[in-house]
Amino acid sequence: MQPIIRSSQSLGTALRNARLDAGLTQRELGARTNLRQATISSLENGEGGTLETLFAVLTYLKLELQVAERSQSAPALDDIF
């Protein structure tokens, strides 16, 4: 089952897991995507990055982004605050 990504932190975790599954270090992934190791680290820590950066990493790791309506299993932010 694929993870449901609802935050930058969970996206970072998914990217880290995919990188590790591919047997790559952050430095190796950075070199193959023309990104710095620090940029890969920031993405994996949920600290941001540009969409271009995200898609470069997704493409190299053979991942894709899918947008879907939020399931009812998690409360909406409006219900929390």
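Predicted model: local features only at pLDDT ≥ 70, side-chain atom pairs only at ≥ 80, totals over all residues.
Trainee: How much of the chain is buried?
Mentor: Buried residues make up 26% of the 81 residues. To count as buried, a residue needs a relative accessible area under 20%.

Trainee: Why is L63 called partly exposed?
Mentor: Its relative accessible area is 36%. Buried means under 20%, and exposed means over 50%. The value for L63 lies in between, so L63 is partly exposed.

Trainee: Where is L63, and what does L63 contact beyond its neighbours in sequence?
Mentor: L63 sits in the loop between α4 and α5 (77-80). Leaving aside neighbours within four places in sequence, L63 is in contact with L15, A18 and L58. Contact here means heavy atoms within 4.5 Å. Take L15: L63 and L15 are 48 residues apart in sequence, yet 9.0 Å apart in space, C-alpha to C-alpha.

Trainee: What share of the contacts links residues 24 or more positions apart?
Mentor: Such pairs account for 54% of the contacts with a separation of 6 or more.

Trainee: Why are α2 and α4 called roughly perpendicular?
Mentor: Start with the general idea. Two packed helices are described by the angle between their axes and the distance between the axes. Now the values. The axes of α2 (residues 26-33) and α4 (residues 51-60) cross at roughly 105°. They come within 10 Å. Angles of 65 to 115 degrees count as roughly perpendicular. The angle falls in that range, so α2 and α4 are roughly perpendicular to each other.

Trainee: Which residues make the contact?
Mentor: From α2 come L29, R32 and T33. From α4 come A56, V57 and Y60. By class, the residues of this contact are four nonpolar, one polar and one charged.

Trainee: Where is L35, and what does L35 touch?
Mentor: L35 is in the loop between α2 and α3. Not counting residues up to four places away in sequence, L35 touches G30, I40, T53 and V57. L35 and T53 are 18 residues apart in sequence and 7.8 Å apart in space, C-alpha to C-alpha.

Trainee: How do you know where empty space is left?
Mentor: Rolling a probe the size of a water molecule over the atoms shows where empty space is left. In this model the count comes to one cavity of 30 Å³ or more. The largest cavity has a volume of about 30 Å³.

Trainee: What makes a space a cavity, and which residues line the largest one?
Mentor: In a cavity, a 1.4 Å probe fits but cannot get out. The lining of the largest cavity is L15, L29, I40, L43, E44 and V57. Helix α3 (residues 37-44) gives the most to that lining, with three residues. By class, the lining has five nonpolar, no polar and one charged residues.

Trainee: How much space lies in the largest pocket, and which residues are closest to its centre?
Mentor: About 800 Å³ of space lies in the largest pocket. Of the 23 residues that line the largest pocket, P3, I4, I5, L65 and Q66 are the closest to its centre.

Trainee: Which helix gives the most to that lining?
Mentor: Helix α1 (residues 8-21) does, with seven residues. The whole lining of the largest pocket divides into twelve nonpolar, six polar and five charged residues.

Note on methods. Residues numbered from 1 in each chain as written. Heavy atoms only, no water. 1 Å grid on protein atoms, 1.4 Å probe; cavity = no way out; pocket = protein on both sides within 12 Å on 5 of 7 lines; lining within 4 Å. Points joined across faces, edges and corners; volume = space filled by probe spheres on them. Helix = DSSP H or I, 4+ residues; strand = E, 2+ residues; numbered from the N terminus. Nonpolar A, V, L, I, M, F, W, Y, C, P; charged D, E, K, R; others polar. Axes fitted to C-alpha atoms, helices over the stretch in contact; angles between N-to-C directions. Parallel < 35°, antiparallel > 145°, perpendicular 65-115°, else oblique. Buried < 20%, exposed > 50% of the residue type's maximum accessible area, 1.4 Å probe, protein only.
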